[in-house]
Amino acid sequence: MSTVEEKLGTLAFKNDHQSHISIPNPKICLTQCKDKPCTKVCPAKVYDWDESQKKIVVGYENCIECGAARMICPFQNIRWEMPRGGFGVSYKFG
Ligand code: SF4
(Lines give C-alpha, C1' and ligand atoms only; values in the text may rest on other atoms or scores of the structure.)
Protein backbone atom coordinates (compact mmCIF):
# COMPACT_ATOMS: atom_id res chain seq x y z
CA MET A 1 0.00 0.00 0.00
CA SER A 2 1.33 3.44 -0.97
CA THR A 3 1.77 6.30 1.46
CA VAL A 4 0.19 9.68 0.81
CA GLU A 5 3.65 11.04 -0.01
CA GLU A 6 4.23 8.26 -2.56
CA LYS A 7 0.87 8.94 -4.19
CA LEU A 8 1.55 12.68 -4.31
CA GLY A 9 4.83 11.88 -6.02
CA THR A 10 2.95 10.44 -9.00
CA LEU A 11 1.26 13.77 -9.78
CA ALA A 12 2.47 16.25 -12.37
CA PHE A 13 2.38 20.00 -11.79
CA LYS A 14 2.66 22.92 -14.15
CA ASN A 15 3.21 25.95 -11.97
CA ASP A 16 1.98 29.43 -12.71
CA HIS A 17 4.05 32.43 -11.62
CA GLN A 18 1.06 33.78 -9.69
CA SER A 19 -0.66 32.07 -6.80
CA HIS A 20 -4.27 30.92 -7.08
CA ILE A 21 -4.48 30.93 -3.26
CA SER A 22 -4.29 33.87 -0.88
CA ILE A 23 -5.00 34.70 2.75
CA PRO A 24 -7.10 37.90 2.68
CA ASN A 25 -6.59 38.79 6.34
CA PRO A 26 -3.32 37.44 7.81
CA LYS A 27 -4.08 39.19 11.10
CA ILE A 28 -6.91 36.72 11.73
CA CYS A 29 -4.42 33.84 11.51
CA LEU A 30 -2.17 35.56 14.03
CA THR A 31 -4.72 36.79 16.55
CA GLN A 32 -7.81 34.58 16.31
CA CYS A 33 -6.90 31.19 14.87
CA LYS A 34 -5.25 29.29 17.69
CA ASP A 35 -5.13 25.81 16.13
CA LYS A 36 -4.39 26.80 12.51
CA PRO A 37 -6.16 23.75 11.06
CA CYS A 38 -5.11 24.57 7.49
CA THR A 39 -1.58 23.53 8.46
CA LYS A 40 -2.85 20.10 9.53
CA VAL A 41 -5.59 19.16 7.07
CA CYS A 42 -3.92 19.87 3.75
CA PRO A 43 -2.46 16.57 2.45
CA ALA A 44 -0.01 18.45 0.23
CA LYS A 45 1.20 20.66 3.11
CA VAL A 46 0.48 23.87 1.20
CA TYR A 47 -0.03 25.92 4.38
CA ASP A 48 2.78 26.43 6.85
CA TRP A 49 2.96 28.74 9.86
CA ASP A 50 6.13 30.85 9.73
CA GLU A 51 6.89 31.87 13.28
CA SER A 52 9.48 34.48 12.28
CA GLN A 53 7.09 36.24 9.90
CA LYS A 54 4.04 35.50 12.09
CA LYS A 55 1.97 34.44 9.12
CA ILE A 56 0.86 31.52 7.02
CA VAL A 57 3.13 30.86 4.06
CA VAL A 58 1.23 29.41 1.08
CA GLY A 59 3.11 26.91 -1.09
CA TYR A 60 0.50 27.07 -3.86
CA GLU A 61 2.80 25.17 -6.24
CA ASN A 62 2.00 21.93 -4.37
CA CYS A 63 -1.79 22.37 -4.35
CA ILE A 64 -3.68 19.25 -5.47
CA GLU A 65 -6.97 21.21 -5.73
CA CYS A 66 -8.85 19.10 -3.19
CA GLY A 67 -10.57 22.02 -1.42
CA ALA A 68 -9.94 20.70 2.11
CA ALA A 69 -8.30 23.88 3.43
CA ARG A 70 -11.16 26.11 2.34
CA MET A 71 -13.62 23.90 4.18
CA ILE A 72 -11.58 23.65 7.38
CA CYS A 73 -10.71 27.35 7.82
CA PRO A 74 -13.03 28.51 10.63
CA PHE A 75 -12.83 32.14 9.46
CA GLN A 76 -13.32 31.67 5.68
CA ASN A 77 -9.91 33.30 5.40
CA ILE A 78 -8.61 31.34 2.42
CA ARG A 79 -9.33 32.74 -1.04
CA TRP A 80 -8.96 29.95 -3.54
CA GLU A 81 -9.55 30.06 -7.28
CA MET A 82 -8.98 27.43 -9.93
CA PRO A 83 -5.50 27.76 -11.42
CA ARG A 84 -5.46 29.52 -14.77
CA GLY A 85 -5.95 27.35 -17.83
CA GLY A 86 -3.03 25.03 -18.50
CA PHE A 87 -1.64 25.35 -14.96
CA GLY A 88 -2.03 23.30 -11.78
CA VAL A 89 -2.02 19.61 -11.03
CA SER A 90 -2.52 16.74 -13.51
CA TYR A 91 -3.85 13.38 -12.34
CA LYS A 92 -3.18 10.06 -13.99
CA PHE A 93 -5.96 7.52 -13.90
CA GLY A 94 -5.72 3.77 -14.40
S1 SF4 B 1 -7.25 28.02 9.19
FE2 SF4 B 1 -7.72 30.02 8.19
S3 SF4 B 1 -7.58 31.57 9.80
FE4 SF4 B 1 -6.60 29.68 10.57
S5 SF4 B 1 -4.41 29.94 10.11
FE6 SF4 B 1 -5.32 28.85 8.37
S7 SF4 B 1 -5.93 30.47 6.91
FE8 SF4 B 1 -5.55 31.47 8.89
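The model is predicted, with local features requiring pLDDT of at least 70 and side-chain atom pairs counted only at pLDDT 80 or more, whereas totals for chains, interfaces and linings use all residues. Residues are numbered from 1 along each chain as its sequence is written, and side-chain values use heavy atoms, without hydrogens and water.

Two cavities of 30 Å³ or more were counted. A cavity is a set of points, on a 1 Å grid over the protein atoms alone, where a 1.4 Å probe fits but cannot get out, and its lining residues have an atom within 4 Å of a point. Grid points are joined across faces, edges and corners, and a volume is the space filled by probe spheres set on the points.

The largest cavity has a volume of about 110 Å³. Its lining comprises 16 residues, with Tyr47, Cys63, Cys66, Gly67 and Ala69 nearest the centre. By class, this lining contains 13 nonpolar, one polar and two charged residues (nonpolar: Ala, Val, Leu, Ile, Met, Phe, Trp, Tyr, Cys and Pro; charged: Asp, Glu, Lys and Arg; polar: the others, Gly among them).

The second largest cavity, of about 90 Å³, is the space taken by the ligand (more than half of the atoms of a molecule must lie within 2 Å of the grid points). Residues lining this second largest cavity include Ile28 and Asn77, and the lining divides into ten nonpolar, one polar and one charged residue. The ligand is surrounded by Ile23, Cys29, Cys33, Lys36, Pro37, Cys38, Ile56, Cys73, Pro74, Phe75 and Ile78 (a heavy atom within 4 Å). This shell holds ten nonpolar residues, no polar residue and one charged residue.

How values were computed:
1 Å grid on protein atoms, 1.4 Å probe; cavity = no way out; pocket = protein on both sides within 12 Å on 5 of 7 lines; lining within 4 Å.
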